[in-house]
Amino acid sequence: MERTGEIIVVKIGTSEIVRNGNGIDQVLIGNLARQIAYLRNKAGIQTVIVSSGAIASGRDIFNEVRDIRAILHDNPMPPLTDEVVDRQVLAMFGQPELMESWRLSLTGERILTGEALLKDEDLANFRHPLLRALMFGTVVVNGSDATYDPATEQEIISKDNDSLAREIARITGANKLIMLTEAQGVLDQKKRVISEITCLEDLQRIGRFPVTQDGTGDIHSKVLEARRHITNANKVAYIVGARKGNVILRVVGGERVGTKITLPLQGYLL
């Protein structure tokens with residue numbers, strides 16, 4: 001690949017980062033870091049990573065500590081509820097673990113790693129420092145779960161990393177938005193991958209499947225954000241399985257994997 005100075009945005013969800021209550025999947029993060037490093041070193045392609053997983057990571061940490069304390073007959077952990085404030089507490093403990101996982105893997109590939117936790121009001125002033133930071137390394141972005149106030153912020157972008165990824169693509173001018181999911185792509189009613197979404201008929205084929213515990217949106221919301229990304233003929237979005245071998249390299253290289261989306265919003269809603 002030739003050096004292009006291109007920027008891509010890669011978003012990865014909670015159910016891929018934290019697997020089956022067993023903590024952060026360091027092998028997966030390591031594989032993604034290797035691909036990101038290859039693109040940077042061989043093709044000059046800069047990557048912004050929008051990474052979910054802080055709350056789920058915090059929950060795994062709490063469960064592990066609680067079990068250890070129970071075995072040792074130590075002071076018990078206070079119970080957690082489903083209230084927003086406790087999810088914010090989980091994010092506070094899980095975010096450092098999440099960031100350390102990315103930092104270790106990217107540093108192992110000799111890539112300097114930055115972090116940004118964002119709320120909506122941060123986006124207006126984020127473009128210049130982000131573009132500058134990408135000259136030196138890769139930046140991992142997440143919504144600021146710990147400071148989100150549901151009483152005053154009803155539909156904020158930064159509480160939904162699908163929306164946040166689309167906004168990051170917009171402010172950086174990235175043409176490619178790659179959304180990594182648990183499924184191998186957007187599935188139809190028979191759970192077959194829809195290879196491309198180019199028209200309204202393709203949208204009508206999409207099946208409905210449950211959201212994971214810590215997810216913020218189903219596949220329809222992902223497709224909606226992908227379509228919002230399509231603002232000109234150069235823009236393209238992909239929804240593809242995070243565990244497919246060399247998935248980022250294959251998408252950037254033009255291989256047909258997962259679901260490619262080129263249909264702009266144009267007033268159509270799912």
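Is Arg110 buried or exposed? At 75% relative accessibility, Arg110 counts as exposed. This predicted model may be toured from that residue onward.

Select Arg110 and display its backbone. The residue sits in the loop that runs between helix H4 (84-108) and S3. Although Arg110 is not a glycine, its phi is positive, at about 65°.

Leu112 is exposed, with a relative accessible area of 59%.

**Helices H5 and H6**

Now select residues 127-134, which are helix H5, and residues 161-172, which are helix H6. Two packed helices are described by the angle between their axes and the distance between the axes. For H5 and H6 the angle is about 80° and the axes are 10 Å apart. That makes H5 roughly perpendicular to H6, because angles of 65 to 115 degrees count as roughly perpendicular. To view the contact itself, show the side chains of Arg127, Leu130 and Leu131 in H5, which meet Ile168, Ile171 and Thr172 in H6.

**From helix H6 to strand S1**

Keep H6 in view and select Asp162 with Lys11. Their side chains meet in a salt bridge, with 2.9 Å from N to O. Lys11 lies in strand S1 (residues 7-12) and Asp162 in helix H6, so the pair ties together parts that are 151 residues apart in sequence. Where do the two partners stand in terms of burial? Lys11 counts as buried at 5% relative accessibility, and Asp162 counts as buried at 1%.

Glu167 and Arg170 are three residues apart in helix H6, and so are separated by about one helical turn. Arg170 counts as exposed, at 52% relative accessibility, whereas Glu167 is buried, with a relative accessible area of 8%.

**Arg205 and Asp202**

Select Arg205 and Asp202 next. The closest N and O atoms of this salt bridge are 3.9 Å apart. Arg205 counts as partly exposed, at 35% relative accessibility, while Asp202 counts as buried, at 11%. The structure holds 14 salt bridges, including this pair.

**Lys191**

Then go to Lys191, located in the loop between strand S5 (176-181) and strand S6 (196-197). Lys191 is not a glycine, yet its phi is positive, at about 65°. Lys191 is exposed, with a relative accessible area of 58%.

**The whole chain**

Of its 270 residues, buried ones make up 50%. Among contacts with a separation of 6 or more, residues 24 or more positions apart account for 75%. With the surface shown, the chain exposes about 13400 Å², and carbon and sulfur atoms supply 50% of that area.

Key:
Residues numbered from 1 in each chain as written. Predicted model: local features only at pLDDT ≥ 70, side-chain atom pairs only at ≥ 80, totals over all residues. Heavy atoms only, no water. Buried < 20%, exposed > 50% of the residue type's maximum accessible area, 1.4 Å probe, protein only. Axes fitted to C-alpha atoms, helices over the stretch in contact; angles between N-to-C directions. Helix = DSSP H or I, 4+ residues; strand = E, 2+ residues; numbered from the N terminus. Parallel < 35°, antiparallel > 145°, perpendicular 65-115°, else oblique. Contact = heavy atoms within 4.5 Å. Salt bridge = Lys/Arg side-chain N within 4 Å of Asp/Glu carboxyl O. Areas by Shrake-Rupley, 256 points an atom, 1.4 Å probe, with all protein chains shown as cover.
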